[in-house]
Amino acid sequence: MPQKTLPFTKSQIEEIIEKYPTPFHIYDEKGITETAKKLNIAFSWVSEPGFKNYFAVKACPNPHILKLLKQEDFGTDCSSLPELIMSEKADIIGENIMFSSNDTPFEEFQKAMELGAIINLDDIAHIPYLEKHAGIPEIICFRYNPGPLRQGNEIIGNPVESKYGLTTEQIFEAYKIMKDKGIKRFGLHTMIVSNMCDPHYLIETSKMLFDLVVDISKKLNINFEFVNLGGGLGIPYRPDDNAVDINFVSSGIKHAYEEKIVPNKLDPLRVVMESGRAITGPHGFLISKVRHVTKKYRDYVGLDACMANLMRPALYGAYHHITVLGKEDLPKDHVYDVTGSLCENNDKFAIQRQLPKIEPGDILVIHDTGAHGHAMGFQYNGKLRSAELLLRPDGDVKQIRRAETVEDYFATLDFSGL
Ligand SMILES: Cc1ncc(COP(=O)(O)O)c(C=O)c1O
């Protein structure tokens, strides 16, 4: 089986643990920036002002990560007020923000408009709501839900059952309404898959959007500035999963563009994305120490991290690879459930996983936690969210979020008068 690699050594981690106790997530800056550069290079064919990835803030909501990505000319995809504020604090504002929310409160539309973000509306009913509370923007995008025309995947669900986006019928009407309100700048968005590793599917999605752009442009006599392919680019969580060949995806999309947009003599159309997972996911690692090794009907490894630090295995049965530091070359001749301390039996990072013999004090690295990892944390059962560290290219480590304390847990409670 191919090995998953690590951007640090065991002794480096031991040194880091002396200063920052486990558990913590550590992000590899070099890996993140290299991945960002690769994506930009793959899409460098996109017409002026060029390709942009609006990094999905929800994947790794930390201003230090956003600042890093800003250096690579990324924007942000925000979907809540705190995400908008975080983007602003990282100095990513204006049309460098794509506001792709759903069931949106008016305060968020107001903040998005104040920042000059591109509003990506999730529903036709949001048009009068937006107008009433925040006004009509200069540029508008709608999220398209193709319903029975496409199949989604496990995490995001079947489009027909999905709460997101406008139906095929509604989307024509929506652009007509906005044209009649005087808008002249338009974008089109969709997101129907999550963690998709089949490059053909992503190319098909671009074809669907290009066809729709042609149809709507002709029918309503409007010009589109961009199509937004959303997020959903997958990553190889398992050692034998294949990584998406982004150059293959990009050249497939370019081909579709030349076939569908160019002959129709439409204005140049930008291709943009909201990729989160593929940018930071593989470059984050949850570092945790083994507290107890126990034997019941099965053998258990109890960590000092729990599902409050990484919820994906419990939420979707997601696989996260585990390396036992210093035991990489030992035979994986033991079978364990690797658990946290939360009082839920699904608080398991791995179930019946083949691993080397594990002892209390061993350091485990849980891979691919750089997206939808710390971000999904919660405090149920009085569990606290961990610190986030950034491993700099020169080997230095910067704490970019401290661990929560018991005082943080109590911060919203008023004990007076009890
Ligand atoms: C609207 C939208 N855009 C982008 C993303 C990012 O997806 P991913 O991190 O899988 O690329 C999400 C994730 O849920 C989303 O809801």
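Reader: Is I279 buried or exposed?
Author: Count the C-beta neighbours of I279 inside 10 Å: there are 31. A residue is buried if 20 or more other C-beta atoms lie within 10 Å of its own, exposed if 12 or fewer, and partly exposed in between, with C-beta atoms placed from the backbone. I279 therefore counts as buried.

Reader: How are residues numbered, and what kind of model is this?
Author: Along each chain, numbering starts from 1 as the sequence is written. Local features need pLDDT of at least 70, side-chain atom pairs count only at pLDDT 80 or more, and totals for chains, interfaces and linings use all residues, for this model is predicted.

Reader: Which helix holds I279?
Author: Helices (H or I, at least four residues) and strands (E, at least two) are DSSP runs, numbered from the N terminus. I279 falls within residues 277-280, and that run is helix α10.

Reader: Which residues does I279 touch, leaving out those up to four places away in sequence?
Author: Two residues are in contact if their C-beta atoms, placed from the backbone, lie within 7 Å. By that rule, I279 touches I32, T35, A36 and F55.

Reader: How far apart in space are I279 and Q3?
Author: Along the sequence, 276 residues separate I279 and Q3. From C-alpha to C-alpha, the distance is 20 Å.

Reader: Which residues have the most contacts inside the largest nonpolar core?
Author: A nonpolar core is a set of buried Ala, Val, Leu, Ile, Met, Phe, Trp, Tyr and Cys residues joined through C-beta atoms within 7 Å. In general, nonpolar side chains tend to be buried together in soluble globular proteins. The largest core here has 99 residues. Those with the most contacts inside it are F99, I119, F142, L188, V213 and V227.

Reader: Which residues does F99 contact?
Author: Set aside the neighbours of F99 within four places in sequence. F99 is then in contact with C78, L84, A112, A117, I118, I119 and N120.

Reader: What should the span of α8 be, and how far apart are its end C-alpha atoms?
Author: The expected span of a helix is 1.5 Å times one less than its number of residues. α8 has 22 residues, so it should span 32 Å. The end C-alpha atoms agree, at 32 Å.

Reader: What do the buried residues of α8 pack against?
Author: Buried residues of α8 include L202, L209, F210 and V213. The buried residues of this helix pack against β6 (139-144), α7 (168-180), β7 (185-190), β8 (224-228) and α9 (246-260).

Reader: How far apart are the centres of domain 1 and domain 2?
Author: Domain bounds come from an automatic or database domain assignment. That assignment gives domain 1 (10-25 + 282-410) and domain 2 (29-280). Taken over C-alpha atoms, their centres are separated by 32 Å.

Reader: Which strand gives the most to the side of domain 1 that touches domain 2?
Author: The contact takes 20 residues from domain 1 and 19 residues from domain 2. β16 (387-391) and β17 (397-401) each supply at least two residues of the domain 1 side. The most, 3 residues, comes from β16.

Reader: Which residues are closest to the ligand?
Author: A residue is near a molecule or strand if its C-beta atom, placed from the backbone, lies within 6 Å of it. The ligand is surrounded by 18 residues. The closest are A56, G231, E274, G276 and R277.

Reader: How many residues of each class make the shell around the ligand?
Author: Ala, Val, Leu, Ile, Met, Phe, Trp, Tyr, Cys and Pro count as nonpolar, Asp, Glu, Lys and Arg as charged, and the others, Gly among them, as polar. The shell has 6 nonpolar, 8 polar and 4 charged residues.

Reader: Which residue does a cis peptide bond join to P23?
Author: P23 lies in the loop between α1 (10-19) and β1 (24-28). Omega is about 0° at the cis peptide bond, and the partner of P23 is T22.

Reader: Is K265 buried or exposed?
Author: K265 lies in the loop between α9 and β9 (270-273). It has a positive phi of about 50° although it is not a glycine. With 6 C-beta neighbours inside 10 Å, K265 counts as exposed.
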